[in-house]
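Please look through the sequence and the structure before reading on.

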Amino acid sequence: MTEAVLVENVHKHFGEVKALQGFSLYVQKGEIYGLLGPNGAGKSTLIRAIVGLITPDMGRVVVLGKTMPDKDILSKVGYMTQASALYAELTVWQNVAFFAGLLGCRNKTAIEEAIALVDLSDRAHSRVATLSGGMRQRVSLASVLAHHPELVLLDEPTVGVDPQLRVQFWEHFRKLTAQGITLIVSSHVMDEAERCDRLGFLRRGSLIAEGSAESLRQQAGKDNLEDAFLYFAEKSDVQQ
């Protein structure tokens with residue numbers, strides 16, 4: 001496999017806050033890479049650096065062969081933020097069409113396919129204001145998929161979503177990778193990590209461990225990922 005994302009020795013400070021400290025990782029094309037860590041670990045900052053919304057103080061980020069930030073690559077990237085950007089008074093269709101249009105996609109079939117992928121075809125002409133929170137999350141997901149991106153970044157996509165819908169979301173994610181799309185998913189929910197191909201454990205702006213869920217448990221000598229994370233967190237504290 002070739003790399004979809006390469007992050008090399010990235011540092012990013014916001015005043016006295018060291019959001020990223022010498023951060024490096026790579027993500028292969030067609031895989032689901034999970035960013036796991038507590039709030040404030042640097043997950044959102046890393047995703048924003050990958051998308052090109054912020055420029056690192058040091059180091060570089062390469063996305064689909066282009067050094068970021070690079071406006072030309074944005075049409076190949078989908079980014080779902082933690083906070084919903086949907087327009088409540090517009091319909092599902094209108095929202096998806098609007099955000100797709102911002103990235104140059106005005107293909108009616110592509111919009112229909114994105115809405116169908118998240119199982120909202122029967123609500124396509126409903127105003128977003130009438131939808132449940134879980135349905136709105138699905139509209140947000142459809143909005144970043146309609147332009148057929150090669151890379152999709154999802155920042156805490158299942159926050160506030162009930163367990164049944166969370167399973168459905170991950171089914172959608174697997175459909176995307178089956179199409180060759182690369183996903184980077186940030187979360188602080190450890191049980192979701194089992195669904196990723198590879199994981200990166202983040203703490204205090206650093207990558208403290210990386211690998212498959214099984215390999216991380218084995219390296220830590222633990223039965224579950226939560227205990228494995230705590231093991232690597234304590235190990236990183238000692239090394240510092």
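Domain bounds come from an automatic or database domain assignment. The model is predicted. For this protein, the assignment gives domain 1 as 1-64 + 150-213 and domain 2 as 83-149. Taken over C-alpha atoms, the centres of domain 1 and domain 2 are 23 Å apart.

**Where the domains meet**

- In domain 1, 17 residues are in contact with eleven residues of domain 2.
- Domain 1 and domain 2 bury about 1,000 Å² between them, and 70% of this area is on carbon and sulfur atoms.
- There are zero salt bridges between domain 1 and domain 2.
- Two residue pairs are in polar contact across the interface of domain 1 and domain 2, both at pLDDT 80 or more.

**The domain 1 side**

- On the side of domain 1 that touches domain 2, the elements giving two or more residues are β7 (151-155) and α5 (163-178).
- Of the elements on this side, α5 gives the most, with seven residues.
- Sorted by class, this side of domain 1 has eleven nonpolar, three polar and three charged residues.

**Aromatic rings**

- The whole structure holds eight aromatic pairs.
- The rings of Y87 and F99 have centres 6.2 Å apart and planes at 20°, so this pair is stacked; the cut-off for stacking is planes under 30 degrees apart.
- Y87 lies in the loop between β6 (77-80) and α2 (92-102), while F99 lies in helix α2.
- The pair links distant parts of the chain, with Y87 and F99 twelve residues apart.

Technical notes: Residues numbered from 1 in each chain as written. Predicted model: local features only at pLDDT ≥ 70, side-chain atom pairs only at ≥ 80, totals over all residues. Heavy atoms only, no water. Contact = heavy atoms within 4.5 Å. Buried area = accessible area lost by both parts, 1.4 Å probe. Salt bridge = Lys/Arg side-chain N within 4 Å of Asp/Glu carboxyl O. Polar contact = N/O pair within 3.5 Å; in protein donor to acceptor, adjacent residues only side chain to side chain. Helix = DSSP H or I, 4+ residues; strand = E, 2+ residues; numbered from the N terminus. Nonpolar A, V, L, I, M, F, W, Y, C, P; charged D, E, K, R; others polar. Phe/Tyr/Trp six-rings, centres within 6.5 Å; stacked < 30°, edge-to-face > 60°.
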